[in-house]
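Open the model in a viewer and keep the selection tool at hand. The stops below are meant to be followed in order.

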Amino acid sequence: MKTDYLRVSVTDRCNLRCVYCHPMGGCNLIDRKEILKLEEIHRIVELFSYCGIRKVRLTGGEPLIRRNIVYLIEKLSGIEGIEELSITTNGVLLASLAQELKDAGLQRVNISVDSIDRKSYKEITGFDLLPKVTKGIYKALEVGLKPVKINSVIIKGINVSQILPLAEMSIHLPVAVRFIEYCPTSQYTKPASDYMPNHELRKVIEREFGPVSIVFTGAANGPASYFKIRNAVGTIGFINGRSSMFCHDCNRLRLTSDGKIKPCLYSSQYHDIKKLIRDNADDEHILRLFEKILYEKNKYTKLSSSASEFDMQKVGG
Ligand code: SAM
């Protein structure tokens with residue numbers, strides 16, 4: 001599959017403390033001067049656009065707490081060749097920023113919501129902010145960000161009771177509710193035994209709402225398979241990141257907040273692009289490296305043989 005998608009983590013900071021994402025006991029934040037500057041991000045994306053990158057997603061940490069995020073969106077949306085610009089956010093600040101983001105050129109949004117019960121949302125994230133997130137979802141729909149996708153990670157002992165309420169959202173709202181399988185990322189996050197495979201989750205949904213119909217599966221639109229509950233206005237999606245390998249369908253590179261390009265989420269391999277930039281490498285030099293990274297990524301469909309621990313907050317999921 002051709003690599004045309006770059007996920008950019010714009011900060012490792014977050015305004016939530018989700019139990020499965022934020023390492024227990026806190027995490028080591030990157031020194032601020034090691035975080036890519038907005039101009040550096042812009043330069044990297046622009047150079048990647050010369051090499052065939054067409055889709056860019058901003059993530060984090062929480063991208064909406066990055067200062068001047070609207071300005072960054074505006075700059076990135078001006079890059080010829082970038083056809084799709086999206087963001088993955090926890091939605092806490094979305095209601096206040098959605099219109100500005102849309103006006104700046106943001107097209108799509110994924111909002112992470114693991115519970116629509118206020119008490120359990122607080123238990124998972126550490127903050128009683130579900131009402132703000134809900135407002136953010138409605139605002140995103142209102143300003144015309146499209147599609148609006150909801151990302152939910154279901155973990156045993158934490159939010160299994162939320163499978164049905166989350167799936168039910170897709171019946172009433174024009175959103176795609178996507179269930180992302182939990183992947184333990186380090187010894188400091190929730191253990192692997194807490195993972196709930198999507199095929200079990202689908203059974204729970206079908207028992208309640210009846211058989212779901214296929215909307216589409218396959219790689220063309222990323223690793224999710226989409227289905228519809230009968231009479232639903234939205235869809236539900238399954239991303240089986242743990243129960244099935246989709247290396248051959250992987251079309252993405254990741255840029256970490258401290259300027260490292262990771263060709264594979266699960267591999268320890270990375271390229272320190274920030275160092276090159278701060279050592280004053282010229283565009284030619286950087287482009288040669290990007291072409292090599294893309295060539296290798298497109299040639300070897302399975303890069304993850306050396307599975308490594310990583311911090312989701314720095315890489316951005
Ligand atoms: N703060 C933003 C948000 O909450 O969407 C962006 C960053 S967050 C790391 C991106 C996505 O990764 C979220 O949907 C989150 O649920 C997911 N995520 C975090 N840790 C994960 C894990 N261990 N396994 C699967 N998904 C995970």
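**The whole chain**

The model is predicted. Begin with the protein chain in cartoon view, coloured by secondary structure: it has ten helices and twelve strands. Of its 317 residues, 54% are buried. Contacts between residues at least 6 apart in sequence join residues at least 24 apart in 74% of cases.

**The nonpolar core**

Select Leu-58, Ile-111, Phe-179, Ile-205, Ile-236, Ile-273 and Phe-290 and show their side chains. These residues touch the most other members of the largest nonpolar core, which has 84 residues.

Keep Phe-290 and hide the rest. Beyond its neighbours within four places in sequence, which residues is Phe-290 in contact with? They are Ile-44, Leu-47, Phe-48, Cys-51, Ile-261 and Ile-273.

**Arg-178**

Move to strand 6, residues 176-180, and select Arg-178 there. Arg-178 is buried but has no salt bridge. The nearest side chain of opposite charge is that of Glu-84, 9.8 Å away. What does the side chain of Arg-178 make a polar contact with? The partner is the side chain of Tyr-226, at 3.0 Å.

Now show the surroundings of Arg-178. Leaving out residues up to four places away in sequence, Arg-178 touches Asn-110, Ala-224, Tyr-226, Gly-237 and Ile-239, and also Lys-149, Ile-150, Asn-151 and Ser-152.

**Helix 6**

Select residues 163-172, which form helix 6. Its buried residues are Ile-163, Leu-166, Ala-167, Met-169, Ser-170 and Ile-171.

**Salt bridges**

The whole structure has 14 salt bridges. Three of them are worth a stop.

Select Glu-40 and Arg-278. Their closest N and O atoms are 2.8 Å apart, and the two form a salt bridge. Glu-40 belongs to helix 1 (residues 38-50) and Arg-278 to helix 8 (residues 273-278), so this pair ties together parts that are 238 residues apart in sequence.

Next select Lys-275 and Asp-279, whose side chains meet in a salt bridge of 2.7 Å, N to O. Asp-279 is partly exposed, with a relative accessible area of 48%.

Then go to helix 4, residues 118-125, and select Lys-119 and Glu-123. In this salt bridge the closest N and O atoms are 3.5 Å apart. The two residues are four apart, about one turn of the helix, and both are exposed.

**Cysteines**

Finish by selecting the cysteine sulfurs. How many disulfides are there? The count is zero. Cys-14 is in no disulfide: the nearest cysteine sulfur belongs to Cys-18 and is 6.3 Å away.

Conventions:
Residues are numbered from 1 along each chain as its sequence is written. This is a predicted model: local features need pLDDT of at least 70, side-chain atom pairs count only at pLDDT 80 or more; totals for chains, interfaces and linings use all residues. Side-chain values use heavy atoms; hydrogens and water are left out. A disulfide is a pair of cysteine sulfur atoms within 2.5 Å. A nonpolar core is a set of buried Ala, Val, Leu, Ile, Met, Phe, Trp, Tyr and Cys residues joined through side-chain atoms within 4.5 Å. Buried means under 20% relative accessible area, exposed over 50%, partly exposed in between (1.4 Å probe, protein chains only). Contact means heavy atoms within 4.5 Å. Lys and Arg count as positive and Asp and Glu as negative; His and the chain ends are not counted. A salt bridge is a side-chain nitrogen of Lys or Arg within 4 Å of a carboxyl oxygen of Asp or Glu. A polar contact is a pair of N or O atoms within 3.5 Å; within protein, one must be able to donate a hydrogen and the other to accept it, and residues adjacent in sequence count only if both atoms are side-chain atoms.
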